[in-house]
Amino acid sequence: MPINRIILYAHDVEATVRFYEKHFGFQASREAGDRIVELIPQDGGASLMVHPAAKGQRKGQSLIKLVFDVRDVEAFSRRCAQEGLVFGAIHQADGYQFANAKDPSGNPISISSRAFRKI
């Protein structure tokens, strides 16, 4: 059974929505009276549901990391840096690269070329 939705808790829902729209091409879908903003990916994959965090929930407290598949980690990282999203060092792994950052709510994210490696 595929995973179709992932809930992200955010203290600043709108900043988190703008972040994923700007850097990863998601499109926001809002329903009247619903406090969750659903972010729909343009190229397929799971939707992100941005939910207001509880007052007692600590920023960045999570047990998951979102990984976005990109063919060219270096080029994507450079483009994002020009738009204000700075990834950490680019790491070399077994036939692929990856780099890490955080979204405005402190949730860990990663870009990775693992899906495109030659096995």
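In which sense do β5 and β8 pair, and over how many bridges? The two strands pair in the parallel sense, over four bridges. Keep that pairing in mind, as we will come back to it after a word on the model itself.

The protein chain averages a pLDDT of 90, and 97% of the residues score at least 70. Among the elements of the chain, β1 has the lowest mean pLDDT, at 89, while helix α2 (residues 73-82) has the highest, at 97. Where pLDDT is low, the predicted coordinates should not be read in detail.

Let's start with the sheet that contains β1. It is an open sheet of four strands in the order β1-β4-β3-β2, and its pairing is mixed. At the edges sit β1 (5-10) and β2 (27-29), each of which pairs on one side only. On average, neighbouring strands here are turned by 30° against each other, direction ignored. If you look at β1 and β4, you will find them running parallel, joined by six bridges. A handy landmark in this pairing is I6, which stands opposite L48 in β4.

Staying with β4 (residues 47-52), pick out H51, which belongs to this strand. Is H51 buried or exposed? H51 has a relative accessible area of 15%, and since the cut-off for buried is under 20%, H51 counts as buried. Its side chain makes a polar contact with the side chain of R35, at 3.4 Å. Beyond its neighbours within four places in sequence, H51 is in contact with I7, L8, Y9, A10, V13, R35 and I36.

Charged pairs come next. How many salt bridges does the structure hold? There are two. In one of them, E38 pairs with R5, and the closest N and O atoms are 3.5 Å apart. E38 lies in strand β3 (residues 37-40) and R5 in strand β1, so this pair ties together parts that are 33 residues apart in sequence. A salt bridge also links R30 and E14, with 2.6 Å between the closest N and O atoms. Here R30 is in the loop between β2 and β3 and E14 is in helix α1 (residues 13-24), so parts 16 residues apart in sequence are tied together. Both partners are partly exposed: R30 has a relative accessible area of 48%, and E14 one of 35%.

In the parallel pairing of β5 with β8, L66 stands opposite I109 in β8. On its way through the sheet, β8 also pairs with β7, in the antiparallel sense and over five bridges; there, A99 has I111 of β8 as its bridge partner. The hairpin of β7 and β8 has five residues between the strands, and in it G106 takes a positive phi near 85°. Further along, β6 and β7 pair in the antiparallel sense over two bridges, with Q92 opposite Q97 in β7.

How much of β8 is covered? The strand is mostly covered, as five of its five residues are buried. In a regular strand the side chains alternate between the two faces of the sheet. In β8, P108, S110 and S112 point one way and I109 and I111 the other, and all are buried. S112 has a relative accessibility of 5%, so this residue counts as buried. Its contacts, not counting residues up to four places away in sequence, are V67, F68, D69, V70, V73, Y96, Q97 and F98.

At 24% relative accessibility, F98 counts as partly exposed. Leaving aside neighbours within four places in sequence, F98 is in contact with V73, A89, I90, H91, A93, S110, I111 and S112.

How values were computed:
Residues numbered from 1 in each chain as written. Predicted model: local features only at pLDDT ≥ 70, side-chain atom pairs only at ≥ 80, totals over all residues. Heavy atoms only, no water. Buried < 20%, exposed > 50% of the residue type's maximum accessible area, 1.4 Å probe, protein only. Polar contact = N/O pair within 3.5 Å; in protein donor to acceptor, adjacent residues only side chain to side chain. Contact = heavy atoms within 4.5 Å. Pairing = 2+ DSSP bridges. Axes fitted to C-alpha atoms, helices over the stretch in contact; angles between N-to-C directions. Salt bridge = Lys/Arg side-chain N within 4 Å of Asp/Glu carboxyl O. pLDDT = per-residue confidence, 0-100.
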